[in-house]
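Hello,

Please find the structure below. My notes on what was found in it follow.

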Amino acid sequence: MLQLQCTVRGCEAALLRDASDFVCAQSHRFNIARSGYVNLLQPQDRRSKSPGDSKETVAARARLSDAGHSRPLLDAIHAAIGDSPTTLIDLGCGHGYFLAALQSSLKCAAAGIDISTPAIDLAARRHPACTWIVSNADRRLPFADSSVDVALAITGRMNPSELARIVAPGGRFVIAVPAPDDQVELREKLYLHAFPKSRFDKLSLSLVGLFDTESHAMVRYKATFERADLLDLLLTTYRGARHRERERLAEVDLLDVTQCYDLLTFRRGSDILTRSPSTEPSP
């Protein structure tokens, strides 16, 4: 069972659930929304009034996963995790597609964190078997020390020292980051040339001394996107709302797009400190 902790500054007491709230021994209370999620995000951990993905972006991501575009990556992540974890968390879980599918197969306790309220609300409505939390995964994570078997992050940011605190000795951290040729055809169509960028080295360096590298695999596949799916794919990028980019896709009926990720598995050793004073996010 996953043990949640209070996120009020200076309080790390356990959160216990009653009929309609999570409450700690210091009487900090967090209401459970009608759809089933809990909002633990503190004012100092947000940079805007509505942080994270918008409702429109969340809906676009959901349509793409419903169409099967994320299935090959899901299968690769499942193989990397194995079949033995009893507790699983997803940092930057979005609308919950990956976590819900893994929880259904693994039958483990599972919790997803995202700073976007629309994303977590949709996840909670669709997948009530998991615990869904609005919180900032860049900052303090609302879980007890050494309480997580597997932590997962898919294209999201994370806080290395907090991961080392909550992942149990021998536990795993599995992360998928876009490889340099991810969506290369879409980028060439929009910008006439691609911008290759690898995140692998920077990610690995951020975990040195906290986790040991266990494996590195490349997940690459191509999928055919129709115009509506291409517009959804564009909407999931930071340039998705720009009129110029949408105009360039207006006359494209079909496009084969490469999906490519570096899939890395790290393991936490037993000699790593469970707590670090740092609460800074990864670079």
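How many disulfides does the count come to by the rule used here? The count is 0 disulfides, a disulfide being a pair of cysteine sulfur atoms within 2.5 Å. Cysteine 11 is in no disulfide, and the nearest cysteine sulfur, that of cysteine 6, is 3.8 Å away. Cysteine 11 is buried at 8% relative accessibility (buried means under 20% relative accessible area, exposed over 50%, partly exposed in between, with a 1.4 Å probe and protein chains only). Cysteine 260 also counts as buried, at 0%.

Some background on the model. It is predicted, so local features need pLDDT of at least 70 and side-chain atom pairs count only at pLDDT 80 or more, while totals for chains, interfaces and linings use all residues. Residues are numbered from 1 along each chain as its sequence is written, and side-chain values use heavy atoms, with hydrogens and water left out.

The sheet: 8 strands form an open sheet with mixed pairing, in the order 4-7-6-5-8-9-11-10. Strands (E, at least two residues) and helices (H or I, at least four) are DSSP runs, numbered from the N terminus. Two strands pair if DSSP finds at least two bridges between them. Strand 4 (38-39) and strand 10 are the edge strands, each pairing on one side only. Strand 5 (residues 87-91) pairs with strand 8 (residues 148-154) in the parallel sense over 4 bridges; leucine 88 has valine 150 in strand 8 as its bridge partner.

In strand 11 lies glutamine 259, which is buried with a relative accessible area of 5%. Glutamine 259 touches Asp182, Gln183, Val219, Arg220, Tyr221 and Phe225, leaving aside residues up to four places away in sequence; contact means heavy atoms within 4.5 Å.

The helices: helix 1 (residues 55-66) packs with helix 4 (residues 117-126) at an angle of about 45 degrees, their axes 8 Å apart. Axes are lines fitted to C-alpha atoms, for helices over the stretch in contact, and angles run from 0 to 180 degrees between N-to-C directions. Helix 1 is therefore oblique to helix 4 (under 35 degrees is roughly parallel, over 145 roughly antiparallel, 65 to 115 roughly perpendicular and the rest oblique). Lys55, Val58, Ala62 and Asp66 of helix 1 meet Pro118, Ala119, Leu122 and Arg126 of helix 4.

In helix 8 (residues 227-235), the buried residues are Asp229, Leu230, Asp232, Leu233 and Leu234. These pack against helix 1, helix 6 (184-191), strand 10 (212-226), helix 9 (243-249) and strand 11 (254-267).

Regards
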